[in-house]
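Please read the following note with the sequence and the model side by side.

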Amino acid sequence: MNVSDYDYALPEGMIARYPPAERGTTRLLVLDSKSGAIQHSRYAALAGFLREGDLLVLNDSRVVRARMFAIKPTGASIELMLLEKHGSAQDLVLYRGRLKAGDRLVAHGCDLIVEALAGQGVARISSPDGFEIRQLFEQHAAMPIPPYLKREAEEVDAERYQTVFARNPGSVAAPTASLNMTGTLLAELSAKGVGTASLTLHVGLGTFLPIRAERFEDHLMHREYYEIPHETIAAILRAKATGGRVVAVGTTVTRTLEHAASLQEWDTCQHGLTGEADIFIYPGYRFRVIDLLLTNFHAPRSTVLMLTAAFAGKEYLNAAYREAISENYRFLSYGDSMLVGSHILPVAT
């Protein structure tokens, strides 16, 4: 099994370059991972596929403004992309241009110092005036929309490249499966008896990038910081014990839960869990926690596509993607979604 086995032709015209005019109006392809059966529906109809006792798990990380330009004393312009938060500090940047430790930069009237280079185009920066780096970016930087959108960030992205329940700042890419979740849909799910729980995983730039290696063994998975409250772990264990299903809203939630469940403290934790998720999930993996997966249509050769294939079954997922392309679904971050799981209930009539 090679990375090239997860390549496919994605027509440029099927990439959703902007969000839908109204949040929550995207389509939903429902794939039964036991039979391979496919049903076409709407994201707003999600409640019809869930039942009382199920638990929806959301990633409440908030996307920070992350793309900004700084000037060297020579006048050269350096592009800085703030990287995702790890622990308490958020002061690592991906840079384009030439930098060395000790270089001084100016960005929007604020002096910056390159404290150290961390390799692979990454630097740690600080402000001699005591400014918090994340706050500087929040005031002056642009939203870090994905490069495959092939446009600059616009006013619409400030609201729509953000979930309605985002509250813990730190991500530099959105948990995209949640972008079409609305307050109305959450209220409908609650009224049906579907529970909701949250965790935080700060999404990094590496999440959606294609794998450059050909062998799985040669790919180094990026690390992303997460926090899972004790209440969320308790809700998951309670849902499992009472016959409910754990519905992961997105691959970020999936990676977080599956990584945490591999820890010895998972069943006995009393104070929540924190960690650095570097789990690489691809076909052959045995899922410990999630029962259903709500996710977007992913780019070729990406780790998130391989994770989805591990959960859905590669052949069933291939068939679903062929169907989505033939039915003109919209792909990637601002596009349509899939709900994957076994024995999914049909939409109530």
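The numbered points below begin with the basis of the model.

1. This is a predicted model, in which local features need pLDDT of at least 70 and side-chain atom pairs count only at pLDDT 80 or more, while totals for chains, interfaces and linings use all residues. Residues are numbered from 1 along each chain as its sequence is written, and side-chain values use heavy atoms, with hydrogens and water left out.

2. Nine strands form an open sheet with mixed pairing, in the order β2-β1-β17-β16-β14-β3-β12-β13-β15. Strands (E, at least two residues) and helices (H or I, at least four) are DSSP runs numbered from the N terminus, and two strands pair if DSSP finds at least two bridges between them. At the edges, β2 (38–42) and β15 (273–277) each pair on one side only.

3. Strand β1 (residues 27–32) runs antiparallel to β2, joined to it by five bridges. Within this pair, Arg-27 stands opposite Arg-42 of β2.

4. Helix α7 (residues 314–326) lies across β1, β2, β16 (292–296) and β17 (337–341), at about 150 degrees to β1. Contact means heavy atoms within 4.5 Å; axes are lines fitted to C-alpha atoms, for helices over the stretch in contact, with angles from 0 to 180 degrees between N-to-C directions.

5. The largest nonpolar core has 68 residues, and Tyr-161, Leu-257, Trp-266, Phe-331 and Met-338 touch the most other members. Such a core is a set of buried Ala, Val, Leu, Ile, Met, Phe, Trp, Tyr and Cys residues joined through side-chain atoms within 4.5 Å, where buried means under 20% relative accessible area (1.4 Å probe, protein chains only). Helix α6 (residues 303–312) supplies the largest share, seven residues.

Terms used:
Buried < 20%, exposed > 50% of the residue type's maximum accessible area, 1.4 Å probe, protein only.
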